[in-house]
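Please take a moment to look over the model below before reading on. The paragraphs that follow lead from its aromatic rings to its core and then to its surface.

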Amino acid sequence: MFSIIQAAGWPIWPLILCSVVALTLIIERLSSLRPSRVAPAKLLDEVVSVTRAHLPAADVVNKLADNSVLGAVLANGLRVVIADPRITEDVLRNAFENAGRAAVHKMERFMNTLGTIASAAPLLGLLGTVIGMIEIFGSQAPTGGTNPGMLAHGISIALYNTAFGLIIAIPSLMFYRYFRGQIDAYTLEMEQASERMVPHLMRFSVKKPVAATAAA
């Protein structure tokens, strides 16, 4: 491996750095975007069951917020209803939307970096190819002779960097698309959960007296 790196020349080092960063981000996203950490299968049903008769205590809501990303969204809705018993449906929906945007932002962490690596790696490989071509042309002596050592070195730089760029870009792009699909699916699931929770939580809203409202 070290001999390949030597043959590829200095342009290979940015590609090696990209490969290390991409691998780290892929492992981190695979761990962070697991269903158990984002949207556990039975979490919504459990929350509906617990809040069927009354609103939960503050410590229960805090545990729900720490449970997962979806749990944090649901906990935000519960906190808003607990804090304002006279809350309107529009305010509650807005609270869920704000929490949902924060959740999507959290799930999209590092995605731009991974996408940038997937796009930049082929360009870095192309840079190495161009440098290799320069080495090849530089091996041509003015008298028409050829330096075999410089010619071989230029070919190595051109081919190795092109190959490394594609080796890094292809998996990075595949995982980027995979994570994007996961995030879209989780976002839809959170939207559906919020839609289900809004009428469920509005049952605990205290309505203003009609007479008082008319007098006002």
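Rings of Phe, Tyr and Trp (its six-membered ring) are taken as a pair if their centres lie within 6.5 Å, and planes under 30 degrees apart count as stacked, over 60 as edge-to-face and the rest as tilted. With that rule, a search of the whole structure finds two aromatic pairs. In one of them, the ring centres of Phe175 and Phe179 are 5.9 Å apart and the planes stand at 35°, so the pair is tilted. Both residues lie in helix H9, four residues apart, which is about one turn of the helix; helices here are DSSP runs (H or I, at least four residues), numbered from the N terminus. The rings of Tyr178 and Phe179 have centres 5.6 Å apart and planes at 50°, so this pair is tilted.

The model is a predicted one, in which local features need pLDDT of at least 70 and side-chain atom pairs count only at pLDDT 80 or more, while totals for chains, interfaces and linings use all residues. Residues are numbered from 1 along each chain as its sequence is written, and side-chain values use heavy atoms, with hydrogens and water left out.

Phe179, at 0% relative accessibility, counts as buried, whereas Phe175 is partly exposed with a relative accessible area of 29% and Tyr178 counts as partly exposed at 45%.

A nonpolar core is a set of buried Ala, Val, Leu, Ile, Met, Phe, Trp, Tyr and Cys residues joined through side-chain atoms within 4.5 Å. The largest such core has 49 residues, and among those with the most contacts inside it are Val38, Leu74, Phe96 and Met107. Helix H9 (148-202) is one of the helices that each supply at least two residues of this core, and the largest share, 13 residues, comes from H9. Met107 touches, among others, Arg29, Val38, Tyr186 and Met190, not counting residues up to four places away in sequence, where contact means heavy atoms within 4.5 Å.

Leu78 lies in helix H6 (residues 69-83) and counts as buried at 1% relative accessibility. Its contacts, again leaving out residues up to four places away in sequence, include Val47, Thr51 and Leu201. By contrast, Ile134 in helix H8 (residues 111-138) counts as exposed at 55% relative accessibility.

Technical notes. Buried < 20%, exposed > 50% of the residue type's maximum accessible area, 1.4 Å probe, protein only.
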